[in-house]
Amino acid sequence: MKAVNKEEMFPKDPNKTYSLMAIVDGETFNVEKGPEDTVQSWPHLMVRELALFLLVFAVILGVSLIFNAPLEEAANPLHSTNPAKAPWYFVGIQELVSYSAFLGGIATPALIVLTLLLLPYLDRNPKGTGVWFSRDRRVATALFTVFVVVMVVLILIGQFLRGPNWHLYLPWS
Amino acid sequence: MSETAYSLKESIRHLPRNIKESIIRRGGGTAEQERAAAVFGNMFLHVHPVRVHLNSLRAGYTFGLGLISFYLFLILIASGLLLMFYYTPSTELAYRNMKDLEYVVSFGVVLRNVHRWSAHAMVAFAFLHMCRVFYTGSYKAPREFNWVIGVCLLLVTLFLSFTGYLLPWDQLAFWAITVGSNIAAYMPGIGEKVRFLLLGGNEVGQMALLRFYVLHVAVLPLVAVVLLGVHFWRIRKDGGLSRPLND
């Protein structure tokens, strides 16, 4: 660094609280860099997007060549399957219904949806935005994790541990 | 000006170039300008900004979860349209159509498998995408409303999957929808009416199959496309993907 005295060129103004102290040689921060840390969408973003699409398509095609979608006997309204299970994403709710029809089947799902819809208006502190598991949001992270874990556990119980008449069974019995 | 430029012979000689230029409209300029024009001059790419923040490209930030959900939606539309050629929403024929797909139609099994597994995967990835947005605090201002749209999209995804679940008309489909629609009947007061509206009757039958079919192939995809459009548009209006504040 090379400080140059320019006091006679820029005389200090007694009415101002700031003044030029020195002129320093060097590069500004934005040399050889796009404005605000950006890059061109083409090709940087789109090549990645295309690669991701090919990956998703390949995986789905691979899975579909190996595993067949389930197809049971033709529907028979007179002969119910036992147990009759909802699609896996609703099996957690079905598990709750087995404890209480109204609380599990209506009140809890309604409460979950309403809370999710209102969430950004209830949790407005901007701290920790853009960071995974930010230390500034420990309570929110913990609460949401409890919600996710409970949902997953309920689905697992309903899907794998419930047998005929919705009794608890181990998956291999 | 020279008149030769407009002669028929000249026109034919430059035909390929003229057609190409009329379609892609490149103004030329620097390499940077060319690349920018490639994005905003293209109807299918112009949802993208010309420049994108480096944080948005970090695979470890988004894991591409939202994009994967969207790609699965595209795969579902393509495979679903093909399946529509072979499917009849009738209790007499629906199950036979499934058997035909399995044994008669070339690659019919694979087509059905692709649609089925993509549907399950889309529910899972839409949920994972929501988890990502939560854990990174990306629903904070100014992105509150896009989170709301996202929750609606998750509900539409669930409902799309649920209505599709009935269409094979096998035991699995029939009793899953019976159980699912019975849950709606627990609603106090209007429960029975809601189920009647959904099924077109008190039990799962021909009317229910037709209603679920129309919801599945027309109404809900349309709602999903509109909501997706708003969802993507708002990403840009809200300043791109979220990133740390001090950045």
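The buried residues of helix α1(A) pack against elements of both chains: β1 (38–40) of chain A, together with α3 (31–40), β1 (51–53), α4 (54–57), α6 (65–84) and α8 (108–135) of chain B. This description rests on a predicted model. The residues of α1(A) that are buried are Ser41(A), Leu45(A), Met46(A), Glu49(A), Leu52(A), Val56(A), Ile60(A) and Ser64(A).

Helix α2 (residues 88–97) of chain A is mostly covered, since 7 of its 10 residues are buried. These are Tyr89(A), Phe90(A), Val91(A), Gly92(A), Gln94(A), Glu95(A) and Val97(A). The cover over them includes α3 (101–122) and α4 (138–160) of chain A, and chain B contributes α8, α9 (144–166) and α10 (171–184).

The size of an interface is often given as the accessible area lost when the parts come together. For chain B and chain A, the buried area is about 7,300 Å², and carbon and sulfur atoms give 71% of it. In terms of residues, 77 of chain B are in contact with 77 of chain A.

Polar and charged groups also take part. Across the interface of chain B and chain A, 39 residue pairs are found in polar contact, counting pairs with both residues at pLDDT 80 or more. Helix α8(B) supplies the largest share of the side of chain B that touches chain A, namely 17 residues. By class, this side of chain B has 53 nonpolar, 12 polar and 12 charged residues. Between chain B and chain A there are 2 salt bridges. Glu144(B) forms a salt bridge with Arg124(A), and the closest N and O atoms of the pair are 3.1 Å apart.

Ser22(B) is located in helix α2 (residues 15–24) of chain B. Its relative accessible area is 49%, and therefore Ser22(B) is classed as partly exposed, because the exposed class requires a value over 50%. The side chain of Ser22(B) reaches the backbone oxygen of Ile19(B) at 2.7 Å. Ser22(B) and Thr157(B), by contrast, are separated by 135 residues in sequence and by 39 Å in space, C-alpha to C-alpha.

How values were computed. Residues are numbered from 1 along each chain as its sequence is written. Chains are lettered from A and ligands numbered from 1 in the order in which they are written. This is a predicted model: local features need pLDDT of at least 70, side-chain atom pairs count only at pLDDT 80 or more; totals for chains, interfaces and linings use all residues. Side-chain values use heavy atoms; hydrogens and water are left out. Buried means under 20% relative accessible area, exposed over 50%, partly exposed in between (1.4 Å probe, protein chains only). Helices (H or I, at least four residues) and strands (E, at least two) are DSSP runs, numbered from the N terminus. Contact means heavy atoms within 4.5 Å. Buried area is the accessible area (1.4 Å probe) that two parts lose on being put together, summed over both. A salt bridge is a side-chain nitrogen of Lys or Arg within 4 Å of a carboxyl oxygen of Asp or Glu. A polar contact is a pair of N or O atoms within 3.5 Å; within protein, one must be able to donate a hydrogen and the other to accept it, and residues adjacent in sequence count only if both atoms are side-chain atoms. Ala, Val, Leu, Ile, Met, Phe, Trp, Tyr, Cys and Pro count as nonpolar, Asp, Glu, Lys and Arg as charged, and the others, Gly among them, as polar.
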